[in-house]
Amino acid sequence: MRATEHEPQLAEPESAAPASRHPGRRPVRRRPPAGLVVSIVVLGGLLLAALLAPVLAPYNPLAQNLSHTKAPPSLAHLLGTDYYGRDVLSRLIWGGRSAYLGVLISLAVALVLGVPWGVAAGYWPRWTGAVLMRLADTLLAFPALVLAVVITGVLGPNLYTSMTSVGVVFAPVIARLARVGVLEVKDREFVLAARLSGCTKRVIMLRHVVPAPLGPVVVQATIFAGLAFIIEGGLSFLGLGVQPPAPSWGGDLAIAYQYILSSPGQVIAPGVLIAVVVLCVYRVGDALRARIAMPKLTEHRPETAGIMT
Amino acid sequence: MTLHADMAAEAGPGSGSPAAGPGTAADQTALHLWAGRLGTPALRRLAVRRVVLAIPTVVLASIGIFLLIRMVPGGPAIGILGVHASAPAIAALNHELGLDQPLVTQYWHWLTEALRGNLGQSLQTQEPVTHMVAQSFPVSAELVGLALLFTVIVAVPVGVVAAQHAGSRLDRVLSTVSGGGLAIPDFFLAIILIAIFGIAAHLLPELGFVPFTQDPAANLQHMILPALSMGLGASAIIVRQVRAAMADSLSSSYVRTARAMGLTERAVVWRYALRTALPTILNVYGLVIIGMFGATLIIEEVFVLPGMGNALINAIGVRDYTFVQGVTMAYVALVLVINLLVDLLVALVSPRLAEQ
């Protein structure tokens, strides 16, 4: 793996020093940083809350109570009620379902499309690769959000179409990363050795070639996960994602924004929630990146990827 | 070769302004040096190659968009008229839109017209799409331009300072703040800004648009908040990238040499280190600009600005497919032009890259 060239420098300060001091023992593992633990707990907790929404949510997220609208936070309604008298907390818990599901859809589409795309382009770089990469260039010639919005508009706006199109937009980036990784290993000695020893094409592909770019791809996927939360919110905000009255973080923010003059506090909960989730995803992504030790060239990717919004 | 003339104009603010503070005389020579490279064969070859390479991308993208629009469930006519439309009405509309002709004929017709600058007629307003694009694009461009200006004035210097003090407490604070900035969705940032500056403080108009030609001051007032909501988010990206690129170049041996020769720190940082970091920064700016044009879709909706992004969202809402098709191609053209300009600018400031 090409990552090994960089690994010594990155790994040294943490693991090498204690290992040399106690040569016989396994190196003492440092406790993970508090920020990382908090992030994982927040993300896991919100996912759990979303999964357990029918049990956890104190109210029906769609039930309106027009005599009790725009109520401030109270014991009965921990985050208050919205313009239609619906319980904000319950809506956010249920909205988590579409947020997580949407992100899952977009990542699944991006990986299922992007990895084989890039692996094929890297393994057969001549014609197949040239054609496939031209295709990737073409998709990357659209501003990401424009393409996602247009595909969604054509297929009809809902959570599935919108997040599938987001996945399609992510895929060429994944494909490029996968291609680079495959290009680097496909002529290495261990692949040649596998070929000489009579491994079938399938074994060579799955055991030796495909795993090569997975590190960078996984790191990129965590960045896309954060981005997908933002885009899911944005598309629902625009009315292209989850359709109201179904609860969604972006859609609820849009409703709150409509009534910002009469009750400005309503925008805080959904907006902050999206920001916190994205922050946690990025924190986890950073930790992953440090572990997987991205090669120098792609080291700066995380921030550039954020540009896609 | 009009491109080269454009670039001379671009090269001025892009390259001059970050370095403009200290030692303008040296920057003048740098500018002359770059200006001298404008006509070099290497750069011309690069420009030609990039344009030629862009052609298949445009063709593929146009085919993709063309087919995509025809993938509307049941066809665009049903999309427009609704599922309960009568068969004759659908046939009539299909005929009117030319959808009853073979796909290849349709595409050829659309492509030849598009090359002549005719992107068809809007289904909704019956106006030429080209005309609508020409009207809405300046609004988006102004928005993106102001947001960019903000990042150049604020984010680039902040990134440089962070790199100068890499590892310090200031650097860590800036890194945390920019990390938070990455996580805040721009539409939420926009709403916060509206709540603070528009609704609570009454400092700026929260919504709406005034054409620049009508009242420049009012136009700028209306543009400040939208530009700020895009510029702040982009700044988070740019601060990090500039910091990384500058930290790289500040740790290089020629910077050590420059210091050893007794140059002032300001000259070392702004004149030597920044110049090597410039190709990276320019590439980041290319991505940021494209991302900003994407972000206009949401920001223009939040602030009710009559830009191209808002027009696209509206067109999708009313199923104005010819407009969607035309505007999307306009976006593709825009992205390719931005990429071309960035490539040429990079080649200009770093001839080594141009030779490759």
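## Salt bridges

A salt bridge here is a side-chain nitrogen of Lys or Arg within 4 Å of a carboxyl oxygen of Asp or Glu. The model is a predicted one, and over all its chains it holds eleven such salt bridges. One of them joins R91(A) to D82(A), with 4.0 Å between the closest N and O atoms. R91(A) and D82(A) are both buried.

In chain A, R289(A) and D286(A) also form a salt bridge, at 2.8 Å from N to O. The two residues lie three residues apart in helix α12 (residues 268–292) of chain A, so about one helical turn separates them. Residues three or four places apart in an α-helix point the same way, because the helix has 3.6 residues a turn. R289(A) is buried, at 17% relative accessible area, while D286(A) is partly exposed, at 34%.

In chain B, the side chains of E113(B) and R116(B) meet in a salt bridge with an N to O distance of 3.2 Å. E113(B) has a relative accessibility of 18% and counts as buried, because the limit for buried is under 20%. R116(B) is exposed, with a relative accessible area of 65%. Through shared partners, salt bridges also link D82(A), R86(A), R91(A) and D252(A) into one network.

## Chain A: overall make-up

Chain A has 13 helices and zero strands. Of the 309 residues in chain A, 52% are buried. Among the contacts in chain A with a separation of 6 or more, 73% are between residues 24 or more positions apart.

Chain A also has a cis peptide bond, from P244(A) to P245(A), with omega near 10°. P245(A) sits in the loop between α10 (214–237) and α11 (249–258) of chain A.

## Packing of α10 and α12 in chain B

Helix α10 (residues 216–250) and helix α12 (residues 265–303) of chain B pack with their axes 8 Å apart, at an angle of about 155°. Angles over 145 degrees count as roughly antiparallel, and α10(B) and α12(B) are therefore roughly antiparallel to each other. Their crossing is right-handed. The contact of α10(B) with α12(B) involves 22 nonpolar and six polar residues, and no charged ones.

## Helix α13 of chain B

Helix α13 (residues 308–317) of chain B is largely enclosed by the rest of the structure, because eight of its ten residues are buried. The buried residues are M308(B), G309(B), N310(B), A311(B), L312(B), I313(B), A315(B) and I316(B). In chain B they pack against α7 (129–164), α12 and α14, and in chain A against α6 (144–155). R319(B) follows α13(B) and has a positive phi, near 55°.

F323(B) lies in helix α14 (residues 321–349) of chain B and is buried, at 2% relative accessibility. With residues up to four places away in sequence left out, F323(B) touches V129(B), M132(B), A311(B), L312(B) and A315(B). F323(B) and P128(B) are 195 residues apart in sequence, yet their C-alpha atoms are 8.8 Å apart in space.

T328(B) is also found in helix α14 of chain B, and its relative accessible area is 0%, so T328(B) is buried. Leaving out residues up to four places away in sequence, T328(B) touches F142(A), V146(A) and V150(A) in chain A, as well as I65(B) and L312(B) in chain B.

## Positive phi in the loops of chain B

Q126(B), a residue other than glycine, has a positive phi near 65°. Q126(B) is placed in the loop between α6 (103–115) and α7 of chain B. Its relative accessible area is 45%, and Q126(B) is partly exposed.

V304(B), also a residue other than glycine, has a positive phi near 55°. The loop between α12 and α13 of chain B holds V304(B). V304(B) counts as partly exposed, at 45% relative accessibility.

Note on methods. Residues are numbered from 1 along each chain as its sequence is written. Chains are lettered from A and ligands numbered from 1 in the order in which they are written. This is a predicted model: local features need pLDDT of at least 70, side-chain atom pairs count only at pLDDT 80 or more; totals for chains, interfaces and linings use all residues. Side-chain values use heavy atoms; hydrogens and water are left out. Buried means under 20% relative accessible area, exposed over 50%, partly exposed in between (1.4 Å probe, protein chains only). Helices (H or I, at least four residues) and strands (E, at least two) are DSSP runs, numbered from the N terminus. Axes are lines fitted to C-alpha atoms, for helices over the stretch in contact, and angles run from 0 to 180 degrees between N-to-C directions. Angles under 35 degrees count as roughly parallel, over 145 as roughly antiparallel, 65 to 115 as roughly perpendicular and the rest as oblique. A crossing is left-handed if the near helix is turned anticlockwise from the far one by less than a right angle, and right-handed if clockwise. Ala, Val, Leu, Ile, Met, Phe, Trp, Tyr, Cys and Pro count as nonpolar, Asp, Glu, Lys and Arg as charged, and the others, Gly among them, as polar. Contact means heavy atoms within 4.5 Å.
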